[in-house]
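Me: I've got a model open here and I'd like to go through it with you, question by question. Shall we start with the charged pairs and then turn to the chain contacts?

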Amino acid sequence: MTSIWKWSGSLALAGGLFLAGNDPGLAQDAAAAPKGVPIDSQYVFNTLLFLIAGFLVMWMAAGFAMLEAGMVRSKNVSMQCTKNIALFAIAGIMYWALGYNVMYDGVDGGFIGSLTPKSIPEPGSDPGSYSAASDWFFQMVFCATAASIVSGTIAERIKLWPFLIFVAVLTSLIYPIQGAWKWGAGWLASGADTSWIKTFAGAEFQDFAGSTLVHSTGGWAALVGALLLGARAGKYGPNGQINPMPGSNMPLATLGTFILWLGWFGFNGGSQLAMGTLEDASAVSRIFMNTNLAAAGGVVVAIMLNQLFYGKVDLTMALNGALAGLVAITAEPLTPSPLWSLIIGGLGGAIVVFAVPLLDKLKIDDVVGAIPVHLLAGIWGTLAVPLTNDGATFTAQIVGIVSIGLFVSVASLVVWLLLKMTMGLRPSVEMETGGLDIGEIGLEAYPEFGSGSQRI
Amino acid sequence: MTSIWKWSGSLALAGGLFLAGNDPGLAQDAAAAPKGVPIDSQYVFNTLLFLIAGFLVMWMAAGFAMLEAGMVRSKNVSMQCTKNIALFAIAGIMYWALGYNVMYDGVDGGFIGSLTPKSIPEPGSDPGSYSAASDWFFQMVFCATAASIVSGTIAERIKLWPFLIFVAVLTSLIYPIQGAWKWGAGWLASGADTSWIKTFAGAEFQDFAGSTLVHSTGGWAALVGALLLGARAGKYGPNGQINPMPGSNMPLATLGTFILWLGWFGFNGGSQLAMGTLEDASAVSRIFMNTNLAAAGGVVVAIMLNQLFYGKVDLTMALNGALAGLVAITAEPLTPSPLWSLIIGGLGGAIVVFAVPLLDKLKIDDVVGAIPVHLLAGIWGTLAVPLTNDGATFTAQIVGIVSIGLFVSVASLVVWLLLKMTMGLRPSVEMETGGLDIGEIGLEAYPEFGSGSQRI
Amino acid sequence: MTSIWKWSGSLALAGGLFLAGNDPGLAQDAAAAPKGVPIDSQYVFNTLLFLIAGFLVMWMAAGFAMLEAGMVRSKNVSMQCTKNIALFAIAGIMYWALGYNVMYDGVDGGFIGSLTPKSIPEPGSDPGSYSAASDWFFQMVFCATAASIVSGTIAERIKLWPFLIFVAVLTSLIYPIQGAWKWGAGWLASGADTSWIKTFAGAEFQDFAGSTLVHSTGGWAALVGALLLGARAGKYGPNGQINPMPGSNMPLATLGTFILWLGWFGFNGGSQLAMGTLEDASAVSRIFMNTNLAAAGGVVVAIMLNQLFYGKVDLTMALNGALAGLVAITAEPLTPSPLWSLIIGGLGGAIVVFAVPLLDKLKIDDVVGAIPVHLLAGIWGTLAVPLTNDGATFTAQIVGIVSIGLFVSVASLVVWLLLKMTMGLRPSVEMETGGLDIGEIGLEAYPEFGSGSQRI
């Protein structure tokens, strides 16, 4: 008698069945409650999760494009669209040429993997429990997300090519190196009990789907860029006044937010990395539920605080509230209860309401609010992990946040500075005033709309 | 010899294999035609269906947002976007806090479940054949759909907060209570042969994916709201003239319709509630096909009738034709043949062409046409079920339509009236004329477009 | 001892297990490495692939709608939206009424299948390894894609109804007939070694997902239409000048491109036609990766060449570069290495940069660039197959390209000519100048935007 399947995580059960095979009576009992998904079916399920979650996260690239196109002034919309499609293309190439292996190939408790392109085995000869190419695809779209975050903050005042070169470095080295530290099983994630992080912080650093690894990373790179670039011409007046520069297309910004919300089910759900067992499928489902509750909490808290403090409900606050809730739950979307998810996301929404005006007071010009949403809510979400996850400590979380923050900021600063010194980052004042669409793209986004008089 | 899998719906076969185990010859024969999907694989497939269909239906929230943003005038677009993102958030919270258990927990042939939040078992300890959280997610997005329907009809003339409070009541009580009657196994769906509905009507009420439970429910709530609110300022002149108030952005309305069409594959396909067997996977596929044919029929009939009666093809009629076809097939997307699906959907399209002008004659101001599309085509689709489904009777269908219609209308009326008496529903005429975007949101949707002169 | 599953493509292994059943020791060894997905699970996986890939390709219809709505002038946007939703509806009906069986029913090495509607077996009684309805759905959206391609090229100057009638013929006969030649196992794909194509060309014609069958087919039909219709009024001046007619909404065009990019994972990935085995799941994944790299290559090459030759980066070139990369990899997305995919897609992007101005010099007015993207990059991709696929020959590829190109062009010409002679193709100059939205649809796309003065 054979037990012809390798049972998922249940060798004991398989053994039991094997023995039972000599005794039809026992076997009959066992037949009433067999468990487990056949191993090759698991492979297909896991691969399917990577592909489905991957295309949902890929779709987030469109979400960022629409959000940003809606939030910039009409004279810079074509530029913003160009940046977004180009950054997704560049991320896809660089994460194949370098990024994936830098992040995952032989990190082994250290700081960096190998500087080689990702090669893909012939179909069917993949080792492991999923297809290598599906994993690459899933990881690649995460990398692209980090790049998308940068493009929003520094919109309307950076030239195309230096931005794209920054993206190339971000997606081939900066993002993958810090990613290696945790997801590549580097020094922040060493499994050994004697590892530095466990000895010092009592646990490894925990970041389920990337509140820090993806969102804060994008946020730090954006913040450094914004500081170095300075604000858009005319944004902050000489006497401290803040000149509003309203986005040109609110339904597009809304569409972008809905796309991101949708994509986030892939972002967080796919980060379970498997759905070939009952446990994994159940976990992915719980992540969907928690992710949605956190986003909902972010919206509701943001609009309530808005109404309370300003007497109106600013749509962009509602949108960013949703996104901040999503970023906040990303560090741990599995262990919180529904109520905890609501609270974690709600506090993300609160961060946005208070941080957006604060940044303006500090004269940090963040066109789409990416710093509050991705950096600050990302830090909050990462810090919140120990509240619901016994395997996490505040010390370890802070070590992760600070080390990654420092690395990404310094590395980004170096790259931004090199670009500034060589090709320059900022277009001329005339070009900026006239709009980057005409200056750099040669194509207006809405050539027939508007009399021009309302345009800033 | 053991039969180690619990065969889907085929204990006899499993038993046969078990016996065959003692006889290799027999077993070899059996091996040629084994059937069935292992039980845990079924769990994963079913859960996957809920998650995939769920995210498609979640995406419909964006579809409604875009459809409505395109169909309102530009001065109310930010408001419409705010409402749509906020209603989806509120639905997500209320359907966790109350709605789900009101609809599904212990209804047992009655009228209402329990007034408790939905709790989720630890991953892997879900009983049943799918993950509880995936089911919650799938049901939640249905509830949100009902709320989305309301927001379109009463657009451009209702204040934000009373609308959102109505949504909170709709998604926590009104929708779940009537949902309990059928999908929660309440009095409209009692399986017992001695139940009232079977005795009186010869069959239980049939509504596969919610022509009545979701679409008409949203439609009734919208109709009552529209009647109580009255028309937009200036819509109907003193001498009976009807002033067109064209939507501000047709490609957005088109995008919204395509999103809804896409999402409907999840709406109807997911309502099979399982795809872990050959039969279920085949049924889901057939539903996809029928759903598409009904939408296509709706479009083609609508544009042909438009050309015939008006000499032009109004894009909004084509869009609403698609939606009406989709709503009509929703009550029974599985049993009709392709040809029947085409006819059921096509008649949905015809309803739109005749009902839209009729509503205007009755001075019922339905901004997006949600009453013809969701209420009337929903009734049509529900009535059409007995044409193709032997398990349905016209009497039972009418009982369901009328009882749900009455309950939702009266409940909605009470809530709308309470809101009117307390906080008021309608903004001032000045605010309505100036646009809700400036009045309530403080943010124009398109600050740079238009000279303002063409605006109504 | 029984081997109770029919192993995927591994009867030898199944036999081994069967024999091993008499020897527990051997069986135990076999248990360590059992392979294969149970046959009914394969059915569900395959069906799921068709449904998921199908809804992604269905979503491409929205992508074309947005791309085209963004690329035409605002006076023709409602018309373009109407065409796109109507063509998808008509394709869905005609491909059921005729197209599917023309393409697949009993072609048997010949030129055409049967002129009958597609009937669907009762759920669960489908023969084969997937649900018949899921296959129909998947094939239908491919057919609709071909129609979508046509609508872009000949935009802004064709009347609604002749266009829709052309779509009806294209989707019921023209597309299915040429499709039958290859995918319907017709004369271009005969498996027999003595078949004409193998004897003459050394291999059957290879077109994995339709560079030629879908994209060039749409492109040829569009080209013939464009030649017959002539250019838009005022596009080409009397002294050879080319008057730019910029698209009215660049973020919509960008959105459309992102939608298409997303949908292409379904287009190419689904064309593996199965994912119920480890090998197939792995192949689908590799196709995702290659598809993304080709699109990325198309973007990067297009923007680099743009910068080099024109000193600016035209957004529409970046968008069309992505699409050309996608079209190019479509003929063979599985066998190329990642690097080859990048190169094949990159050359697609180069084709766009050079072919768009060339068409203008030839006074072929292609509003969205569909001829470079779908026809020329489709030919390139089809020719590139032998570079990475040993089973292909250049001769066979050329035979396929030419025979399909000739058939589609001649058939399209006949239909276009018949339509021209009967109902006429082109609106009056007054209607064209005033815009088709007012002339044929009776509804402006953006009634409140613009002063009108900038409009051409």
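**Salt bridges and interfaces**

Reply: Glu156(C) and Arg232(C) form a salt bridge, with the closest N and O atoms 2.4 Å apart; the term means a side-chain nitrogen of Lys or Arg within 4 Å of a carboxyl oxygen of Asp or Glu. This is a predicted model, in which local features need pLDDT of at least 70, side-chain atom pairs count only at pLDDT 80 or more, and totals for chains, interfaces and linings use all residues. Residues are numbered from 1 along each chain as its sequence is written, chains are lettered from A and ligands numbered from 1 in the order written, and side-chain values use heavy atoms, with hydrogens and water left out.

Me: How many residues apart in sequence are the parts that Glu156(C) and Arg232(C) tie together?

Reply: Glu156(C) sits in the loop between helix H5 (132–153) and helix H6 (160–182) of chain C. Arg232(C) is in the loop between helix H8 (211–229) and H9 of chain C, so the pair ties together parts that are apart in sequence by 76 residues. (Helices here are DSSP runs, H or I, of at least four residues, numbered from the N terminus.)

Me: Is Glu156(C) buried or exposed?

Reply: Buried means under 20% relative accessible area, exposed over 50%, and partly exposed in between (1.4 Å probe, protein chains only). Glu156(C), at 0%, is buried.

Me: In the salt bridge of Arg426(B) and Glu432(B), what class does Arg426(B) get for accessibility?

Reply: The closest N and O atoms of Arg426(B) and Glu432(B) are 2.9 Å apart. Glu432(B) has 4% relative accessibility and is buried. Arg426(B), at 27%, counts as partly exposed.

Me: Which residue meets Glu204(A) in a salt bridge?

Reply: Glu204(A) lies in the loop between helix H7 (196–201) and helix H8 (211–229) of chain A, and its partner is in helix H6 (residues 160–182) of chain A, so the pair ties together parts 22 residues apart in sequence. The N to O distance is 3.0 Å, and the residue is Lys182(A).

Me: How many salt bridges does the structure hold over all chains?

Reply: Some are linked in a network, made up of Arg73(A), Glu156(A), Arg232(A) and Asp365(A). Across the interface of chain C and chain A the rule finds zero, and across that of chain B and chain C it also finds zero. Over all chains the structure holds 15.

Me: Which element gives the largest share of the side of chain C that touches chain A?

Reply: Contact (heavy atoms within 4.5 Å) involves 76 residues of chain C and 72 residues of chain A. Elements giving two or more residues to the chain C side include helix H9 (250–269), helix H10 (278–310) and helix H12 (338–361). With 19 residues, the largest share comes from H10(C).

Me: About what area is buried between chain B and chain C?

Reply: Buried area is the accessible area (1.4 Å probe) that two parts lose on being put together, summed over both. Phe258(B), Leu278(B) and Met289(B) supply 11% of what chain B buries against chain C, more than any other three residues. Carbon and sulfur atoms give 77% of the total, which is about 6100 Å².

Me: What rotation superposes chain B on chain C?

Reply: Copies are superposed by least squares on the C-alpha atoms of residues with pLDDT of at least 70 in both. The shift along the axis is 0.0 Å and the RMSD 0.0 Å, for a rotation of 120°.
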